[in-house]
Amino acid sequence: MDIEFVAAGAALSSKTALGRIVHEGAALDGAAAQAAAASRFTGAKGQTLDVLAPAGTDAARLVLVGVGKAEAADALAIENAAASAYAAVKASGLTTLRLELPDASAEFAARAALGVRLASYRFDKYRTKEPAEKKPSVVKTEIVATDNAAALKAFEPLAALADAVSFTRDLVSEPPNVLYPAEFAARVKALEALGLEVEILGEAEMMKLGMGSLLGVGQGSIRESQLAVLKWYGAADKSAQPIAFIGKGVCFDTGGISLKPAENMEDMKWDMGGAGAVAGLMHVLAGRKAKVNAIGILGLVENMPDGNAQRPGDVVTSMSGQTIEIINTDAEGRLVLADAVWYCQDRFKPKFMVDLATLTGAIIIALGNDYAGCYANDDTLGANLMAASAASGEPLWRMPLPPQYDKALDSMIADMKNTGGRPGGSITAAMFIQRFTNGVPWAHLDIASTAWKKPSSVPTIPDGATGFGVRLLNQMVADRYES
Ligand code: BES
Ligand code: MN
Ligand code: ZN
């Protein structure tokens, strides 16, 4: 999508759709007023009204988008309204969208541009037969702003964000025969072009480090497990303590010997959504040259059944030295994170760690598909995540870490077992990871509920991979951790 900021009244082509975002109850004129009078359009949030060949303008089409009452129409609302305007005309056959906002400030113009960028994401590389008339036709968006230079400047970090979200969505959308651990590692290695440092550890190196927990998960796969370490040193003081993010990257989760049922198993290609989000976060931090030192660690494996696969009943020794009895080989994400989290704190001594993982079906049962679960053993970190959630529009719900639930993980023969049973399944999964944090401030986001949306109810998120977590964490870093 090509984005341009233009002055009000700039000449428009005959292939242009005019999108007008209006406050509820705002006075309209000309064709817009006539069309509104002929319908129930009031400008209420989420309403759209499509007018073909409107009189009195050179535009081929006019779409009105309601953004609600003026006092509630904040930047996030404008962004969503811009996304809805794009959705209304994207397949119209017209090539350009000209957007007029109720307030042409640089901030709102930039956020509208972000909305269109996010909404126009599409993963179509494997479609070879799609007829041209089914493809989106709008390839350019012109946004009317009072000060084009200021709008462009405000859009710069948001363009970096849109690039990063697209990067994450691409990773999550890729089929599992294409995106296996080494391929994922290669794609993050390519981010060195943005100024990140990327290290890739293979199985031999992880074996030396004693990562028996992570390696056990990948043992049944012919694809080699990988640990990717991404480093961004953007703070003025390059030796300042970093912040750290760790992602579950199960490139495909069959369940292993505790095999999943066939129905919907194809969804388990996106069981690397946590690693995808961490990769996207590092992408945007580098892309906008964030003034922070940040580490991203991705635990990349494939969970397969095989003659060499891990069995229920096996006991593995993690890098921390703690032993784990495997009860269910389908509870594999926590096993990957156990070693990735321990490695992270051991090597980087971070200020805090946040892990992201499509960890449990239980979080979907608890929260439905609009909220991710947020666990934190540090209230400042928890509060910062919740504030970033509200500001970025990626919903989190705070979940508890009750000490009395910890004993659900006790094993008869090892230091712990890898499942705590069905009650509070997302909570005990979080508490398993907590045992590998070594006292470092830590939060865990269970994004099994939000990494993939079908159908999506958010205008900036097309059906499929959401990129959930990238915006949220970028917001938190920008608001709280940049010097
Ligand atoms: N990757 C799944 C969790 C998941 C389920 C993600 C649905 C997205 C959609 C995870 O590895 C898993 O299988 N968890 C088990 C844990 C159980 C065996 C304790 C689950 O949630 O059933
Ligand atoms: Mn699993
Ligand atoms: Zn999984």
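Predicted model: local features only at pLDDT ≥ 70, side-chain atom pairs only at ≥ 80, totals over all residues.

Residues are numbered from 1 along each chain as its sequence is written, chains are lettered from A and ligands numbered from 1 in the order in which they are written, and side-chain values use heavy atoms, with hydrogens and water left out.

Now the ligand. There are 17 residues around ligand 1, and Lys260, Asp271, Asp330, Glu332 and Gly361 come nearest; a residue counts here if one of its heavy atoms lies within 4 Å. By class, that shell has five nonpolar, five polar and seven charged residues. Nonpolar means Ala, Val, Leu, Ile, Met, Phe, Trp, Tyr, Cys and Pro, charged means Asp, Glu, Lys and Arg, and the others, Gly among them, are polar.

For polar contacts, the cut-off is a pair of N or O atoms within 3.5 Å. Lys260 places a polar side-chain atom 2.8 Å from an oxygen atom of ligand 1. Thr358 has a backbone N or O atom 3.4 Å from a nitrogen atom of the ligand, and for Leu359 the corresponding distance to a nitrogen atom is 3.5 Å. On its own, ligand 1 has 520 Å² of accessible area, of which the protein covers 78%; the areas are Shrake-Rupley, with a 1.4 Å probe.

Which space does ligand 1 take? The largest pocket, at about 1,100 Å³. A pocket is an open set of points on a 1 Å grid over the protein atoms alone, with protein on both sides within 12 Å along at least five of seven lines; lining residues have an atom within 4 Å of a point. The lining has 36 residues, and Lys260, Asp330, Thr360, Gly361 and Ala362 are closest to the centre. α10 gives the most, with three residues. By class, the lining divides into 12 nonpolar, 14 polar and 10 charged.

The second largest pocket holds about 570 Å³. Of its 27 lining residues, Tyr121, Arg122, Phe123, Pro462 and Asp463 are closest to the centre. This lining has 14 nonpolar, five polar and eight charged residues.

Last, the cavity, where a 1.4 Å probe fits but cannot get out.

Definitions and conventions. Polar contact = N/O pair within 3.5 Å; in protein donor to acceptor, adjacent residues only side chain to side chain. Sits in = over half its atoms within 2 Å of the grid points. Points joined across faces, edges and corners; volume = space filled by probe spheres on them. Helix = DSSP H or I, 4+ residues; strand = E, 2+ residues; numbered from the N terminus.
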